[in-house]
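Subject: Structure handover

Hello,

Here is the structure for you to look over. My notes come after it.

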Amino acid sequence: MRVFPCTQCGKCCQNVHLAEETRFLDRGDGTCKHYSDSSKQCTVYADRPDICRVDRQYEMNYANRYSWDEFVDLNLQVCAVLAEQPERGPR
Ligand code: SF4
């Protein structure tokens, strides 16, 4: 199985306000409350929520509809959309 090609750009963590499923993580400016602006990394990575785990999301919700490769490609399309979002700095 191909590994999800995350580039750790942080755009998904900086735009949690855009999806109902991740809105609970919003610290108030659209960025996740667990995202570190200084290190540009998740501070709870080992214990991050299921919604942040692409492989778990696939198994839980999408394996009956898409192949893994299709699911990766769909997620990469979202990555491309998020890449167009403006950079967010610390509040
Ligand atoms: S919990 Fe971690 S991986 Fe999930 S959105 Fe927040 S910073 Fe990103």
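Predicted model: local features only at pLDDT ≥ 70, side-chain atom pairs only at ≥ 80, totals over all residues.

Residues are numbered from 1 along each chain as its sequence is written.

Overall fold. The chain has 2 helices and 2 strands, taken as DSSP runs (H or I, at least four residues; E, at least two) numbered from the N terminus. Their order from the N terminus is β-β-α-α. The C-alpha trace spans about 40 × 25 × 25 Å along its principal axes.

Helix 2. This helix covers residues 68–83. The number of its 16 residues that are buried is 0, so it lies largely in the open. Buried means 20 or more other C-beta atoms within 10 Å of the residue's own, with C-beta atoms placed from the backbone. Across the chain, buried residues make up 11% of the 91 residues.

Core. The largest nonpolar core has 5 residues: Cys12, Cys13, Val16, Cys32 and Tyr35. Such a core joins buried Ala, Val, Leu, Ile, Met, Phe, Trp, Tyr and Cys residues through C-beta atoms within 7 Å.

Ligand. Its surroundings include Cys13, Val16, Cys32 and Tyr35, along with Cys42, Cys52, His34 and Arg48. A residue counts here if its C-beta atom, placed from the backbone, lies within 6 Å. The shell divides into 9 nonpolar, 1 polar and 1 charged.

Best regards

Definitions and conventions: Nonpolar A, V, L, I, M, F, W, Y, C, P; charged D, E, K, R; others polar. Buried ≥ 20, exposed ≤ 12 C-beta atoms within 10 Å, placed from the backbone. Expected span 1.5 Å × (residues − 1).
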